[in-house]
Amino acid sequence: MEMHQVRYFLAVARVLNFTRAADECNVTQPSLTRAIKQLEAELGGDLFRRERPAAQLTELGQRMHPLLKQCYEAATGARELASSFKSGEVGALRIALTHSVDLSLLIPHLDEIKRMFNRLEFRFLRGNAREVAEFLKKGEAELGIAAEISEEWDRLDTWPLFTENFQLVVNKNHPLAAREKIDFVDLRAEQLLSRNYCEHGARVNSSLREHGLNVDRSHEIASERDLIELLEADIGVAVVPDTASIPPTLKRANVEGLDARRTVNLYGVAGRERTAVASAVMRMLRGADWQQFIGKAAGV
């Protein structure tokens with residue numbers, strides 16, 4: 001079935017006249033009639049009763065009309081969308097982030113990129129470091145953001161964005177919230193909440209363990225949202241990166257001697273053509289002043 005055949009059928013069904021339909025479609029009547037006969041042959045029956053002065057839809061034609069109309073409109077919409085993408089009127093951004101990367105870091109750049117395109121479609125994918133690498137490999141994402149992807153793949157391009165420290169976060173009513181100085185000794189009696197979804201979670205736990213903290217008895221958390229709710233309920237304390245968003249109900253504090261840092265990277269696939277949106281976002285992220293986010297978070 002060809003789309004021009006469907007277009008001719010819809011034109012005849014609308015005006016109920018082969019000659020007028022041919023004029024509307026800017027083709028000769030024999031060409032239009034031949035195309036409709038080919039369509040009828042594929043569908044296994046007549047679509048029109050060729051009467052004078054007007055053609056009439058047969059029972060098969062009446063049943064096929066809404067289906068063929070929907071098919072034609074879908075194809076037309078697809079062509080228009082493809083044309084809009086090609087001309088830059090519509091943009092799409094497919095980006096994968098690990099669970100430990102706060103989306104708020106991207107909001108200023110997404111707001112700026114929105115003004116560059118008449119229509120913009122975002123697709124955000126979440127996963128662990130391995131899953132982000134798979135999103136990139138399979139082409140489901142054009143860009144990836146993660147603290148670390150250990151995947152050994154020679155087509156994986158990496159650009160460091162920023163390096164940040166980790167801090168202790170507690171409920172604002174917790175006794176440690178009022179302390180100006182916190183040592184590891186102060187944490188030995190506290191219930192730790194482990195961010196196992198963080199790429200550096202194991203390293204942070206290893207650092208805490210070296211300072212005598214019983215990390216093995218910590219609560220294992222699967223998402224940032226769960227972590228915030230547990231902290232707000234004062235069920236434990238957590239060590240989080242500087243750029244992690246926290247509500248006013250929580251407070252950050254530095255722990256003396258805590259040696260935990262991570263570098264957040266931007267990833268792409270070498271040799272793969274990128275959309276105009278992805279290329280623009282890449283330039284923005286690589287040229288951004290990330291220190292404003294780190295400094296703001298650390299000062300809370």
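Predicted model: local features only at pLDDT ≥ 70, side-chain atom pairs only at ≥ 80, totals over all residues.

Reply: Residues are numbered from 1 along each chain as its sequence is written, and side-chain values use heavy atoms, with hydrogens and water left out.

Me: Why are α1 and α2 called oblique to each other?

Reply: The axes of α1 (residues 3–15) and α2 (residues 18–25) come within 8 Å and cross at roughly 130 degrees. Angles under 35 degrees count as roughly parallel, over 145 as roughly antiparallel, 65 to 115 as roughly perpendicular and the rest as oblique, and α1 and α2 are therefore oblique.

Me: Which residues of α1 and α2 meet?

Reply: Arg7, Tyr8, Ala11, Val12, Arg14 and Val15 in α1 meet Phe18, Arg20, Ala21, Glu24 and Cys25 in α2, where contact means heavy atoms within 4.5 Å.

Me: What lines the second largest cavity?

Reply: A cavity is a set of points on a 1 Å grid over the protein atoms alone where a 1.4 Å probe fits but cannot get out, and its lining residues have an atom within 4 Å of a point. Around the second largest cavity these are Val101, Asp102, Leu105, Leu106, Ile145, Leu161, Phe162, Val264 and Trp290, and the space inside is about 40 Å³.

Key: 1 Å grid on protein atoms, 1.4 Å probe; cavity = no way out; pocket = protein on both sides within 12 Å on 5 of 7 lines; lining within 4 Å. Points joined across faces, edges and corners; volume = space filled by probe spheres on them. Axes fitted to C-alpha atoms, helices over the stretch in contact; angles between N-to-C directions. Helix = DSSP H or I, 4+ residues; strand = E, 2+ residues; numbered from the N terminus.
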